[in-house]
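Me: Before I use the labels attached to this model, I would like to check how each one was reached. Please set each value against its cut-off.

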Amino acid sequence: MKHVLEFEKPVVKLREEIEEAKKKFASKPSDKLAGQISDMEKKAETLLRDIHNNLNPWQRVQISRHTNRPFMLDYVKHCCEDFTELHGDRHIGDDQAMPAGLATWGGKKVVIIGHQKGRDTKENLLRNFGSAHPEGYRKALRLMRMAEKFGLPIVTLIDTPGAFPGIGAEERNIAEAIAFNLREMMLLRTPIVAVVIGEGGSGGALGIGVADKVLMMENAYYSVISPEGCAAILWKHREHAPEAASALKLSAQDLSKLGIIDGIVPEPAGGAHNDHYVAAMALKDAVLNAIADLEKLSTPDLLEGRYQKFRALGKYTEN
């Protein structure tokens with residue numbers, strides 16, 4: 001069954017009416033019906049554009065979680081000429097929630113790392129709903145160090161509600177794994193581009209998010225806590241998630257104004273779930289442009305720029 005968000009329903013209903021009209025036209029063509037179909041298609045395009053241009057933060061959060069939205073490996077399929085997945089952290093094991101490997105991204109050899117969700121129960125259990133274990137973060141760092149050794153840019157695709165908070169993950173020190181990545185990524189002597197492609201939840205996102213360029217897909221979100229979690233703390237009920245989403249300033253548009261991210265990657269009208277290929281091509285170009293800019297810098301300038309970027313976060317002035 002197709003997943004339809006509440007605010008998408010008027011467009012879906014109109015498209016269903018268009019399909020019915022086309023079936024009638026196929027059996028009994030007429031100029032009048034052809035004109036009606038054309039008018040309805042124009043109306044659907046206008047309606048979709050109007051909805052897309054007036055999305056609030058909570059609606060963007062819903063789009064970021066859409067089950068038909070392209071995930072990390074979908075972008076790899078469209079953006080990369082080849083991808084060789086590498087496994088294991090060389091300590092405990094592998095983590096299917098965080099695929100990683102060598103790839104050629106638009107002709108550029110890179111190391112790519114990201115969170116991977118599932119579209120059904122079986123795949124979500126395999127991918128742990130995109131919530132990585134300590135092994136995922138340690139695997140990520142292992143590959144980042146390999147990228148540094150061979151002078152390859154690093155591309156990370158972030159899409160997680162947060163790192164896995166289970167007992168096993170705590171026993172294997174999930175907090176230390178993420179904290180260690182934060183420190184080591186700051187020191188890596190190779191360009192790093194991070195893109196929030198869906199959900200950017202808390203430390204789970206930060207564990208592969210320290211980068212020279214941090215980009216976000218247009219309908220992604222990046223936040224210290226989920227809107228539902230924030231609502232449960234401040235309002236004592238998850239039903240206040242829409243207010244929390246607005247208060248958290250978690251959308252790409254808000255974070256760009258605050259200087260937290262370096263760019264917004266446009267999505268097709270209605271969101272990336274409406275056209276995977278168009279979304280992927282926009283992401284492909286944005287990452288290539290970011291890498292090209294970073295490769296112009298000397299290594300000392302690259303590291304200094306990364307340091308200053310994160311030192312500047314959180315500064316504000318009060319009247």
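**Labels and their grounds**

Reply: Lys236 is exposed, with a relative accessible area of 68%. The model is a predicted one.

Me: What makes Lys236 count as exposed?
Reply: Exposed requires over 50% relative accessible area. Lys236 has 68%, so the label applies.

Me: Why is Arg90 called exposed?
Reply: The threshold for exposed is over 50%. Arg90 reaches 60% relative accessibility and therefore counts as exposed. Arg90 sits in the loop between E1 and E2, and has a positive phi of about 65° although it is not a glycine.

Me: What makes strand E2 mostly covered?
Reply: A residue is buried when its relative accessible area is under 20%. In E2 (residues 100-105), 5 of the 6 residues are buried.

Me: How do you know that E1 and E2 pair?
Reply: Pairing needs at least two bridges found by DSSP. Strand E1 (residues 80-85) and E2 have 5 bridges, in the antiparallel sense. Across this pairing, Phe83 stands opposite Ala103 of E2.

Me: How do you know that E2 and E3 pair?
Reply: The requirement is again at least two bridges. E2 and strand E3 (residues 108-114) are joined by 6 bridges and run antiparallel. Leu102 has Val111 of E3 as its bridge partner. The hairpin of E2 and E3 has 2 residues between the strands, and Gly106 takes a positive phi near 60° there.

Me: Why are H1 and H2 called roughly antiparallel?
Reply: Angles over 145 degrees count as roughly antiparallel. The axes of H1 (residues 9-27) and H2 (residues 31-53) cross at roughly 165° and come within 10 Å. H1 and H2 are therefore roughly antiparallel to each other.

Me: Which hand does the crossing of H1 and H2 have, and which residues make the contact?
Reply: The crossing is left-handed. Residues in the contact include Leu14, Ile18 and Phe25 of H1, and Ile37, Met40 and Leu47 of H2. Contact means heavy atoms within 4.5 Å.

Methods. Residues numbered from 1 in each chain as written. Predicted model: local features only at pLDDT ≥ 70, side-chain atom pairs only at ≥ 80, totals over all residues. Heavy atoms only, no water. Axes fitted to C-alpha atoms, helices over the stretch in contact; angles between N-to-C directions. Helix = DSSP H or I, 4+ residues; strand = E, 2+ residues; numbered from the N terminus. Parallel < 35°, antiparallel > 145°, perpendicular 65-115°, else oblique. Left-handed = near helix turned anticlockwise from the far one by under 90°. Buried < 20%, exposed > 50% of the residue type's maximum accessible area, 1.4 Å probe, protein only.
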